[in-house]
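Morning, everyone. I have one structure to show you today. Please take a moment to look at it before I start.

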Amino acid sequence: MYPETYDVVVIGGGPAGLAAAIAVAEAGANTALLARRAPYADNRTTALLGASVDFLEQLQVWDPLP
């Protein structure tokens, strides 16, 4: 089901980790994302700097966000 080896393993499922995993996967790397499961739903708002928004736009994941 899953490959036994990866080109890149991203550790951390926060905004930076998710963006990094998307970027390297889109570049063609066989990518794994490792993130711990939160014990509860975390509905806090995260502020993003302009450069972060620019990066998410380059990955084409910013506009589909609600």
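I'll go through the chain as a whole, then its largest pocket.

Keep in mind that this is a predicted model. The protein chain has 66 residues. What is it built from? Two helices and two strands. Read them from the N terminus and the order is β-α-β-α. So much for the parts list.

Next, burial and surface. How much of the chain is buried? Of the 66 residues, 12% count as buried, and that means under 20% relative accessible area. The chain exposes about 5600 Å².

Now contacts. Take the ones between residues at least 6 apart in sequence. Of those, 35% join residues at least 24 apart.

On to the largest pocket. Its volume is about 260 Å³. How many residues line the largest pocket? The lining has 13. Find five of them on your screen: Pro15, Ala16, Leu48, Leu56 and Trp62. Those five lie nearest the centre of the pocket.

Which elements give two or more residues to this lining? They are α1, residues 15-26, and α2, residues 50-58. The biggest share comes from α1, with five residues.

Last point: what kinds of residue line the pocket? Eleven are nonpolar and two are polar.

To recap, the chain runs β-α-β-α. Its largest pocket has 13 lining residues, and α1 gives the most to that lining.

Definitions and conventions:
Residues numbered from 1 in each chain as written. Predicted model: local features only at pLDDT ≥ 70, side-chain atom pairs only at ≥ 80, totals over all residues. Heavy atoms only, no water. 1 Å grid on protein atoms, 1.4 Å probe; cavity = no way out; pocket = protein on both sides within 12 Å on 5 of 7 lines; lining within 4 Å. Points joined across faces, edges and corners; volume = space filled by probe spheres on them. Helix = DSSP H or I, 4+ residues; strand = E, 2+ residues; numbered from the N terminus. Nonpolar A, V, L, I, M, F, W, Y, C, P; charged D, E, K, R; others polar. Buried < 20%, exposed > 50% of the residue type's maximum accessible area, 1.4 Å probe, protein only. Contact = heavy atoms within 4.5 Å. Areas by Shrake-Rupley, 256 points an atom, 1.4 Å probe, with all protein chains shown as cover.
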